[in-house]
Each structure stands twice: as structure tokens, then as C-alpha cells.
Number of protein chains: 2
Amino acid sequence: MEVSTESVCERPHAAGYRLPPPRWILLAWCVALPARPASAQVLPSWNDGPAKRAVVGFVGKVTTAGSPDFVPPPERIAVFDNDGTLWSEQPIYFQLAFAFDRVKALAPHHPEWRTTQPYEAVLEGDTVALAGSGEKGLLELVMATHTSMTTDEFAKLVTDWLATARHPRFKRPYTNLVYQPMLELLAYLRANGFKTYIVSGGGIEFMRPWVEKVYGIPPEQVVGSSGVTRFEQGADSTPVLVKDPKVDFIDDGPGKPVGINRFIGRRPILAFGNSDGDQQMLEWTAAGKGARFVGIVHHTDAAREWAYDRQSHIGRLDKALDEAIGKHWTVVDMKTDWRVVYPFER
Amino acid sequence: MEVSTESVCERPHAAGYRLPPPRWILLAWCVALPARPASAQVLPSWNDGPAKRAVVGFVGKVTTAGSPDFVPPPERIAVFDNDGTLWSEQPIYFQLAFAFDRVKALAPHHPEWRTTQPYEAVLEGDTVALAGSGEKGLLELVMATHTSMTTDEFAKLVTDWLATARHPRFKRPYTNLVYQPMLELLAYLRANGFKTYIVSGGGIEFMRPWVEKVYGIPPEQVVGSSGVTRFEQGADSTPVLVKDPKVDFIDDGPGKPVGINRFIGRRPILAFGNSDGDQQMLEWTAAGKGARFVGIVHHTDAAREWAYDRQSHIGRLDKALDEAIGKHWTVVDMKTDWRVVYPFER
């Protein structure tokens, strides 16, 4: 068995290199440069294309001491949208699937829901009536299913639901529908001294119970939408935090840079999103001084996942796509850039 | 020169041990136990008393694998109040000193302030009139000096102020008035796998520019009070975050557990405060399952710092002191437990 010199000493951002150079040059490289994983070994579920080369090249330059683009580890902040960027979001945001299942579970205690919208629509599977209830209707459903309980009680509901619920198309737990290439990207960034954050329009309390196990992202590195929470003395004067039916913060669109500033207090040097709701987060990241990486997951694969962008009701990618093209951000074409989509395909 | 066996192999929670045991016992200890810094070496600015023994004992048991009290590193969350717990807060909260200095700096652009309270009181040093303006007056001063600018502009004002302002009693930069024993405690906890957080009633944007350098706590591990921040396109369509004159969140009293839950999403296993404003944070920490450490800095040293508790307008410690005594929390007596108070005394 021959050990490839390339795999021992080639630096990630030399990925495009193809012709075998003379041995003495390789030797000089090995002496001059620290050993790094070869390009073929990092991000194995990414095809060797412009997207992979862009991200590997970026990580190489910001982590190389002495490089003009070097960024000290504490400032290596990477932020990721969740729905449509780290896991799927079709046919509906998975958090809404949770809310609908909660409506069904709670319905026996709320006979009035049988004849009241938007509950009736959920109970009868009437998607037209549900769509007609609009954002206001969805918010009401979220409030009715996510609040008036303690934070611990809510976390348990989420954990129990994820253990039993199955996605309608793939017949698998929702947490199986995470993107294998993005799991590898998160791990690759952390191995290079980055701190990885989720910055999602989804509910912060909905994500925290499972993201550490699934993404390796601890609860304290999750930024999301939230309701008002209240401290009170519960039974036996044990202090509890109660989730009130009132919106506190919507971490979407222009709210994302606000959330990043509030929770992290540093500007990211890398950001990944997939929809117009991520546009301001991407702009905020791009506008920082020094090297920046801005990426968009473009859903182009109807066979393995879904194909949608400008016309989609969920995860619409229109203005942000125009900006990405105009500013040469990295647009990941799911169909051509990803060798596999989900972990279970491997 | 003799190397002390104790310093090589004694565990921190064996701190009370005094009589020299036979050599073979020491040897067996060295083989059986991982090397740890000796008690005499950890927390050198703490006198060897009940407070130091309590904290060292706690850290020993939660970090010893196989101990019934063992806590995995990701769950080792430690939270600290700032004003009066990590640095001094007399004769006024240092952030208010900043606000007053800003009023003086801005006064030439606001001739009306010469005859308008609470500005007039600040400009004339009229503490009675200032006290008369109450919390409402102080909030107005904070709004007038902390908002209607970008987050970057505000951070620069704070940094510039700390570089030049001097504390009226000690004639030193405010950041010199941090507690040496608490700096050592923060470092000791981090060396034992803890993640250290500030949870302060003070402004989050006021603390973030300097806490990393002074405490070793990065900006993303600061929880504090905040105003509403707004994303907008500034000059040259560069995106900026603008601080609006509107309170968003008060991280004090019952707000502290809410802030901890929002920003960290895990319950701390160690909490330190110094006033009634920390009481709910301490209760929330104490009420978790498993080993917990709850500490209070009691200001008892008028000579080296200040002595105040139940009657103080700033940093009042009354109900929380009663609860600490009743529940056997660790009350640090600044006068007897701390060998030095400030770093410059060493």
C-alpha cells in the first residue's frame, strides 16, 4: 500500500492542484507546511466543485498564521440558519408539524377546537383553510401549543415528539433529515477553531433540546425566535420559568443581525442561509472587515430532497439569490455539489 | 530544594489535611489520583477559610470522574453577577459614571440641559436633585447617552472612556477595580472545564468591549440588560445596527433566570452574586438537580473596599442574605476571606 504524499502534507486550499509535481517539491512542502487533512478527506460528502473549493480555501486562509487573512480563533464565529440550511423544511417547517401534532393531542381537552379556525383546519387536514388563516393563524397555533407551561415541560414535549414522529415523505424521524454535507462542514469548522452557531427563525426552545446531539452545537450557541418567559415560584416554592403566550423576539430577516448582536456580540466571519429570511444576516456578515465567507444552500434536487426557490411559500429564495449572484457569494447547488444529502443515504 | 509531594499530587478537596502521612500513603495517592494543583496554589488571594474550602471542595467533587456528583464538562456552567461581584460598584455603578461623563461631554450640544433635570443635576454635581429624579431620571440619562448611534460607535465610546476615566477614590482606571480573588476563581473554574458567564443588570453593550481582556470572558458569554437594536442600511448601503432609545430587557432580579434561560439555555451549577438583585438567579441555580454551588460576596471591608449590605441604596443585600444564611449558601466575607482585594495591592 502506498501512502499518498498529498494526503499527508497538502493544504486544503491547494485542492485544485492536479499535476503531480517533482518529489523534491512535495518534500519541501511537507517540511515547510504543517500537516493538514487532504482535500479528498475533508467534507467527503461534498463533490469537488467550486463550492467545496471556496469553503476549504476560506478556512485555509483565515487559519494560516502569518496570512494577511488570518483570524484569531476567538473571532472565528460561524452562523447557520437551521430550516432549509441544516435540515429540510418541506412540506412544512418541522416545528409546525410539531405544533399540528400537539393540536391533535390536545384536542380532546378542547372540544371547541372542532369548530374553531385555525384548529378545525389542523384537525381535519384542511390545508386550504389553514393557508387562509395566514401568519396570524399559525402564530395562534404556536401560542396554543408552545406556551402556558414551564420551559422544562416544553423541552420534554419536544424530545418526546422527535422520538416518535415520522416525516410524511421519508417515514423517518425528523432529525434524520439533516444534511450530511452540512454536518461535515460544522465539524470541519470546529476542527479549525470556529465556534458554530445556529441563527434561526425557528423557536429557540424548540431547537435546544436536540441540537447538541444532532449537530454538535450546544444550547448556548442557538439564537432563535422566542416568547416571553416569566420567573415564578412553583409548587413547593420551587422556582420555575413559565412560557407566556406572547412573542418576545422574531429572529428572522432584519431580526437575524439583531439576534446575532444580542446573543453573540461579535460579527460572524462565515454565514450560511438558504432563503430571503437570511439575507440581512448574510449582508451583516459580508460587511465586516477582513475575509468573509457567505454561503447559500440552493434547493435544486427534487429527487433526493426538494427543488424550490423564487416562487416557494416556504423558504423563498429570491432577493437573496440575486444579491448572492451579484456579489459572488457561494451558492451551493444541492444537486451537483452534494454527493449525498442525508446521513441515511451513505 | 525539596519538591513538596503535596504540590504534585494532592487533590484540591483534601485541603484541610495537615499531618504528614507516611511516604507510602503519599506514593499510593500519587499513583491513584491524577495530579492537581495543591490547595495552597489555587486561589492564592483567598485566605484558607470556609469559603475557599467550599468552592474548592465543590469543584473537586463535580470534576472527579466516578464521583456521584460528577458533572460532564458541557454542563459546567458558572454565572457571575458583575457590579459588586466581579468589580466594585461604589460610590455609584461604574456605568452611571460613564453616563454622567457622557452628559458632560455632550452638554455643549444641548444648551437646554443646563436648565433641565436630571441633566442639570449631573452638570452641577447636585446629588440631591439627582437622587430626586429617581430611577426614571437615571433611565433618561442612560437613554440620552447610550442610544441613537450604531453599536460600533457605542463600543468605541466605552473603550475610550475606560482608557481615560479615573475612579474618584482610587484615582485609577475603573477596570483596575476588579477583584483579584474573583479573577482567580474565574480562571480556576475554566481550568476545571467550566464555561464562565457574566449575568449582570448592567448593559450588555457596556460590558462586551472590555470583559474579554479584563476577565477572560468572551462577549458571547455576557448576559445583561439591553435596549432595542434595529438593522438598517447606513451610508454607502453598509448595514449597521442602530441603538434605539427603548428598553428591551432588564436583566435584574427575576429577569436574571429569564436571561440565563434565554442566552444559555442550561441551568448553571455555580452562581455568584452580591445583592438582592441576584436572589432569583441564585435560587434558580440552587434548585437544579445534583451538586450546586451558590455564593455571595459580602462587602465587609470599608478599609480596602466598602462595607455595606442591608441599608445600602446600591447593591442592597438583605433578603438574599437571609436566604443565604438559612440555606447555608457560601457567604464570602470580603474582609476575612480575601487576602487581597484588587490586583494592584499585590
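The questions below concern a predicted model.

Q: What conventions apply to numbering and to the predicted model?
A: Residues are numbered from 1 along each chain as its sequence is written, while chains are lettered from A and ligands numbered from 1 in the order in which they are written. Local features need pLDDT of at least 70, side-chain atom pairs count only at pLDDT 80 or more, totals for chains, interfaces and linings use all residues, and side-chain values use heavy atoms, with hydrogens and water left out.

Q: Do S3(B) and S4(B) run parallel or antiparallel?
A: Strands here are DSSP E runs of at least two residues and helices are H or I runs of at least four, numbered from the N terminus; two strands pair if DSSP finds at least two bridges between them. S3 (residues 195–203) and S4 (residues 222–233) of chain B are joined by 3 bridges, and Val199(B) stands opposite Val223(B). The two strands run parallel.

Q: Which residue takes a positive phi in the hairpin of S4(B) and S5(B)?
A: S4(B) is joined by 7 bridges to S5 (residues 239–249) of chain B, and the two run antiparallel. Gly227(B) has Val247(B) as its bridge partner in S5(B). The hairpin has 5 residues between the strands, and the one with a positive phi, near 55°, is Asp236(B).

Q: Why is H4(B) described as roughly perpendicular to H6(B)?
A: H4 (residues 94–106) and H6 (residues 127–146) of chain B pack with axes 10 Å apart; axes are lines fitted to C-alpha atoms over the stretch in contact, and angles run from 0 to 180 degrees between N-to-C directions. Angles of 65 to 115 degrees count as roughly perpendicular. H4(B) is therefore roughly perpendicular to H6(B), as the angle is about 70°.

Q: What is the volume of the largest cavity?
A: A cavity is a set of points on a 1 Å grid over the protein atoms alone where a 1.4 Å probe fits but cannot get out, and lining residues have an atom within 4 Å of a point. Points are joined across faces, edges and corners, and a volume is the space filled by probe spheres set on them. There are 4 cavities of 30 Å³ or more, and the largest has a volume of about 80 Å³.

Q: Which element gives the most to the lining of the second largest cavity?
A: The second largest cavity has a volume of about 50 Å³. Its lining includes Asn261(A), Arg262(A) and Ser226(B). The element giving the most, with 3 residues, is S4(B).

Terms used: 1 Å grid on protein atoms, 1.4 Å probe; cavity = no way out; pocket = protein on both sides within 12 Å on 5 of 7 lines; lining within 4 Å. Parallel < 35°, antiparallel > 145°, perpendicular 65-115°, else oblique.
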